[in-house]
Amino acid sequence: MRLVIALRLVVPFLLCFTPLPRRPGLDGEPLWTNDPNFLRRIGAVIPCHRSADEIGETVRSIMRHIPASNIVVVDNADSHAPLDDTAAVVRNVHPDVSVIYVPRGLKSFALWTGIERLPRHVEFVMHVDDDTKLSDDMVFDESWFLRDPLVSEVTYPVFTRHVNLLTDAIGFQFKRNAHASRFHN
């Protein structure tokens, strides 16, 4: 019993020191180049609530990779009208980004609504939180789906930027989860 408890405490800690796969471009390796044809087949659904302050940067970061017409922002709340100007912020970023207001505060319903509003040519769906910023070197690799027909999703490790001790603790948890998933898979 003590061994089990010790392993539950030590293993997550040790996983954080196990390196993730190396990023292309280090030591003279060629950088990854995303296939534009694959990117056009990806849609992004962004469920949000009172997100006017951060949604613009999120949408801009996604538009660096996929077309604006493949992005759907679904503002949702238990209110008959939107609670802030999220829609205006999104329209100012790009008029081709779809913005929908759903007067029901359920994230799962917002996701479903967004998926239903994606253009018909979209084959892959990316769910992004309203405060997520995709990095410039984000890798979209279709080969994961081609190699194994059982692959239905691919995740990207989440990192936090240092702000204070709380963000460092959250970042530690994200890193632990990323490592645990890598070993589990």
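Before we look at how helices cross, here is what an axis is: a line fitted to C-alpha atoms, taken for helices over the stretch in contact, with angles running from 0 to 180 degrees between N-to-C directions. Helices (H or I, at least four residues) and strands (E, at least two) are DSSP runs, numbered from the N terminus.

The model you're looking at is predicted, so local features need pLDDT of at least 70 and side-chain atom pairs count only at pLDDT 80 or more, while totals for chains, interfaces and linings use all residues. Residues are numbered from 1 along each chain as its sequence is written, and side-chain values use heavy atoms, with hydrogens and water left out.

**The big picture**

The protein has seven helices and four strands, and along the sequence they follow the pattern α-α-β-α-β-α-β-α-β-α-α. Of its 185 residues, 31% count as buried (buried means under 20% relative accessible area, exposed over 50%, partly exposed in between, with a 1.4 Å probe and protein chains only). Take the contacts (heavy atoms within 4.5 Å) between residues at least 6 apart in sequence: 75% of them join residues at least 24 apart. The accessible surface comes to about 12400 Å², and 58% of that belongs to carbon and sulfur atoms. These areas come from the Shrake-Rupley method with a 1.4 Å probe; for residues, only the protein chains shown count as cover.

The four strands make an open sheet in the order 3-2-1-4, with parallel pairing. Strand 3 (98–102) and strand 4 (124–127) sit at the edges with a single partner strand each, so one side of each has no neighbour in the sheet. From one strand to the next, the twist averages 20 degrees. Two strands pair if DSSP finds at least two bridges between them; strand 1 (residues 42–48) and strand 4 have four, in the parallel sense. Within that pair, Val45 stands opposite His127 of strand 4.

| Helix | Lies across | Angle |
|---|---|---|
| Helix 4 (residues 86–93) | strand 1, strand 2 (71–76), strand 3 | about 165 degrees to strand 2 |
| Helix 5 (residues 107–117) | strand 1, strand 2, strand 3, strand 4 | about 145 degrees to strand 1 |

The axes of helix 3 (residues 55–63) and helix 4 come within 9 Å and cross at roughly 35 degrees. On the helix 3 side, the contact is made by Ile55, Gly56, Val59, Arg60 and Met63, and on the helix 4 side by Thr86, Val89, Val90 and Val93.

Helix 3 has these buried residues: Ile55, Gly56, Thr58, Val59, Ser61 and Ile62. They pack against strand 1, strand 2, helix 4 and strand 4. An α-helix has 3.6 residues a turn, so residues three or four places apart point the same way.

Let's zoom in on Thr58, which is found in helix 3. Is Thr58 buried or exposed? Thr58 is buried, because its relative accessible area is 0%. Leaving out residues up to four places away in sequence, Thr58 touches Ile46, Val128, Asp129, Asp130, Asp131, Thr132 and Lys133.

**A loop residue**

Arg50 lies in the loop between strand 1 and helix 3. Its phi is near 50 degrees, a positive value in a residue other than glycine. Arg50 counts as exposed, because its relative accessibility is 55%.
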